[in-house]
Amino acid sequence: MTLALPRQAVRTKDGGPLRPRRRPSPLHLLLIPLSLVMLAPLIWMVLLSISTQAETRRFPPGLPGGVHWQNYVDAWHQGPFGHWLLNSTVVSVTCVLGNLVFCALAGYAFARIPFLGSRVLFVLVLATLMVPFQIVMLPTLIVVRDLHLTDTLGALIAPNLATPFGVFLMRQFFTTVPRELEEAARIDGAGRLRTLVRVLLPLMGPTLATLAVLTFLNVWNDFLWPLIAIQSPGNMTVQMGLQNFQGSHLTNWPVLMAGTVTSQIPVLVLFVIAQRFFVRSIASSGFK
Amino acid sequence: MAVATARRPTGRRAARAERKRGGRFRRADHLAGWAFVSPAVLLIAVFGLVPVLWSVLLSFQQTDLTSPGTWSGAANYQKMVHDPVFWQAARQTLYYCLMFVPVTMVLAIPIAVLLNQKVRGMTFYRMAVFAPLVTSTVATGVIFSWLYNPQIGLINAGLDKLGLPQQGFFQSTGEALPAVVGMTVWGWLGFAVIIYLSALQNVPRELMEAAALDGCGRVKAFWKVELPLLAPASSFLLVWLTINALQLFDEVYVTTKGGPLHASTVLVYYLYQQAFVDFDGGYAAAIGCALFVVILIVTVVQLWLGRRSSHYEAG
């Protein structure tokens with residue numbers, strides 16, 4: 001990430017093959033410092049993670065003399081980061097799948113099937129949309145305990161398996177699909193479920209992907225719920241594990257930062273690959 | 001079921017209408033409808049709807065959340081009114097909102113305008129601005145506790161270079177909360193920029209061309225044409241950022257733990273402390289209900305603002 005900047009700048013100075021005479025825009029003078037300020041915390045996170053402990057105690061802080069990979073090995077062994085990453089993956093992926101299936105089914109029914117009580121149910125779902133999590137977390141903890149899920153991954157999955165936001169997003173999508181499409185299928189004798197899977201599913205790509213991205217980000221980065229629902233280190237998610245790790249490595253900055261980098265790599269890599277997609281998802285739903 | 005029988009005619013009429021349009025289900029529609037929505041509705045009811053009502057009940061109880069509670073009337077609310085730390089937390093939450101929301105919005109507009117230009121390497125610049133968005137709150141806290149570290153942190157080193165005095169940041173009662181603001185603005189700026197950027201990209205090209213034809217300069221066109229068109233995005237952000245600012249917890253927990261001397265204790269952090277450190281679940285639920293009322297008020301204001309600014313979009 002640090003290497004990309006000089007290369008970009010040089011390429012602009014040379015000018016691309018299409019517009020050889022064009023001078024670089026003066027806007028770079030604003031954009032480069034802006035990017036540096038926004039990236040500085042992340043750049044320093046990486047730099048510290050490859051420093052030695054002595055190097056992090058200098059003031060003012062400077063660049064590390066060499067790459068000290070040992071920090072990553074230490075972090076990997078001292079905090080079971082591999083285990084935590086696996087837990088986070090299991091929880092996030094299950095919640096994404098749950099949301100895709102349950103919210104698509106419910107969204108379709110609310111938009112298209114005239115059934116008794118649909119309006120009342122939908123209003124109830126909408127009402128929970130604006131309830132902040134902190135209000136419901138105490139009773140949810142009791143619910144989870146009554147379901148015998150305390151301190152298991154199930155406690156992290158169940159409350160996020162279907163979200164009011166997902167139902168709302170899906171219903172909005174189905175109201176925009178022309179009715180004629182499914183009616184044709186129904187005249188041909190296809191049932192509701194078959195119409196949904198065979199005819200409508202292929203059109204749902206972007207909406208499903210938006211829901212998947214937002215659910216994944218939300219569940220992966222969630223901290224407060226795992227903090228109160230999980231006690232044993234073996235069932236921690238990576239965010240909670242990192243916080244736990246921080247508590248035991250308060251003065252060992254290189255290993256702590258190596259752990260932090262490890263915990264962020266999966267999402268950062270996904271983000272770099274699918275940046276446009278992340279941005280579109282957030283812009284289209286106004287949701288973080 | 002009783003409700004279902006009573007309202008049968010409406011359902012039948014709807015079913016008949018559906019049949020006219022070529023549908024072939026009547027009773028089957030009700031069955032299908034309920035079958036399709038029940039998994040999601042059941043989950044949302046158990047983990048969303050029931051807990052809200054339960055939370056209200058808890059706020060009238062004395063409970064540690066592990067054993068059954070006892071009814072205590074409005075005792076928790078009375079305690080809240082007379083609790084100086086609660087009011088300190090409320091004041092600090094308000095102070096945090098008043099700093100975090102305007103700073104984020106004011107910084108986001110020029111950055112969105114910059115990122116909306118056609119310049120080489122824009123993908124990289126956008127990525128740089130959006131990267132904090134996917135950085136988790138815990139990681140943000142860890143990184144900023146080093147950046148703000150009074151002895152070895154990068155920010156004090158920068159101040160040193162500029163000949164400015166060293167600061168305590170998270171370790172100083174006066175600076176802890178502003179330092180939290182700085183950290184969360186970094187984390188949320190990308191979100192605000194995305195919202196403004198998509199609003200800017202929706203500004204009709206003809207509008208800007210017409211302004212240019214009328215002899216309107218680029219700068220004037222921004223102030224007179226683009227900025228007014230950002231009003232709906234601004235009203236959305238104002239509310240969304242405020243609601244999220246009221247719920248600040250993660251970053252405080254990871255960095256200052258509400259300290260020093262409660263200087264950065266915000267409402268949700270205080271709620272957490274009451275429930276899981278002092279085991280006063282009833283009082284924590286009462287704080288949660290109070291917070292919910294505030295958030296509801298903000299949401300109602302949003303609906304009102306949204307209706308007022310919607311004729312901008314139409315025009």
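Helices here are DSSP runs of type H or I with at least four residues, numbered from the N terminus. The model is predicted.

Q: In which helix of chain B does B:Tyr77 lie?
A: Helices are numbered from the N terminus. The one that holds B:Tyr77 spans residues 75-81 of chain B, and is helix α4.

Q: Is B:Tyr77 buried, partly exposed or exposed?
A: Burial takes 20 or more other C-beta atoms within 10 Å, and exposure 12 or fewer. B:Tyr77 has 15 C-beta neighbours inside 10 Å, so this residue counts as partly exposed.

Q: What distance separates the C-alpha atoms of B:Tyr77 and B:Ser59?
A: Along the chain, B:Tyr77 and B:Ser59 are 18 residues apart.

Q: Are α15(A) and α7(B) roughly parallel or roughly antiparallel?
A: The axes of α15 (residues 253-273) of chain A and α7 (residues 137-147) of chain B come within 10 Å and cross at roughly 150°. Angles over 145 degrees count as roughly antiparallel. The pair is therefore roughly antiparallel.

Q: How many charged residues does the contact of α15(A) with α7(B) have?
A: α15(A) contributes A:Trp253, A:Leu256, A:Thr260, A:Ser263 and A:Gln264. From α7(B) come B:Ala139, B:Val142, B:Ile143 and B:Trp146. They divide into six nonpolar, three polar and no charged.

Note on methods: Residues numbered from 1 in each chain as written. Chains lettered and ligands numbered in written order. Predicted model: local features only at pLDDT ≥ 70, side-chain atom pairs only at ≥ 80, totals over all residues. Axes fitted to C-alpha atoms, helices over the stretch in contact; angles between N-to-C directions. Helix = DSSP H or I, 4+ residues; strand = E, 2+ residues; numbered from the N terminus. Parallel < 35°, antiparallel > 145°, perpendicular 65-115°, else oblique. Contact = placed C-beta atoms within 7 Å. Nonpolar A, V, L, I, M, F, W, Y, C, P; charged D, E, K, R; others polar.
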